[in-house]
Amino acid sequence: MDKLIKKISEIEAAAASVMEEMNEQKSSFTAQIHEKTASFDRELEESTTKQIKQLNLSMEEELHRQLAKQESGGEKLLEHLSQVYEANHTILATNIFQDMIKE
């Protein structure tokens with residue numbers, strides 16, 4: 001009977017040892033997962049921030065191009081209107097005067 005109790009004690013001690021080792025491995029694995037998750041989160045944050053900066057720069061450049069295009073178009077239109085006025089200001093003034101005295 002003592003042999004049986006001794007054998008059961010040995011089995012129990014071995015099982016406790018295995019459980020302790022498994023808990024240590026579990027803790028180690030959990031720490032690795034946390035580190036990998038934190039690393040992934042940092043890399044994702046950096047990548048996202050970089051992409052946002054690139055998009056902002058691209059949008060800003062496009063905005064400047066469009067603004068320059070509109071300024072150029074406005075200057076051309078103003079120049080054209082000025083030329084039309086210089087060429088026809090007497091006729092335009094006469095037409096306006098005629099419209100005013102008709103009433």
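## A negative surface patch

Asp41, Glu43, Glu45 and Glu46 together form a negative surface patch. Patches join residues with over 30% relative accessible area and no salt bridge, like charges within 9 Å and nonpolar side chains (Val, Leu, Ile, Met, Phe, Trp, Tyr) within 5 Å. Asp and Glu count as negative, Lys and Arg as positive, while His and the chain ends are not counted. The place of a charge is NZ of Lys, CZ of Arg, CG of Asp or CD of Glu.

Glu45 belongs to helix H1, residues 2-102; helices (H or I, at least four residues) are DSSP runs numbered from the N terminus. Glu45 counts as exposed because its relative accessibility is 54%, where exposed means over 50%, buried under 20% and partly exposed in between (1.4 Å probe, protein chains only).

## Basis of the model

The model is predicted: local features need pLDDT of at least 70, side-chain atom pairs count only at pLDDT 80 or more, and totals for chains, interfaces and linings use all residues. Residues are numbered from 1 along each chain as its sequence is written, and side-chain values use heavy atoms, without hydrogens and water.

## Salt bridges

The structure holds 3 salt bridges, each a side-chain nitrogen of Lys or Arg within 4 Å of a carboxyl oxygen of Asp or Glu. In helix H1, Glu10 and Lys7 lie 3 residues apart, about one turn of the helix, and their closest N and O atoms are 4.0 Å apart.

Arg65 pairs with Glu62 at 2.7 Å between the closest N and O atoms. Arg42 and Glu35 meet at 3.4 Å, N to O. Arg42 is partly exposed at 44%, and Glu35 is partly exposed at 46%.

Methods:
Areas by Shrake-Rupley, 256 points an atom, 1.4 Å probe, with all protein chains shown as cover. Helix = DSSP H or I, 4+ residues; strand = E, 2+ residues; numbered from the N terminus.
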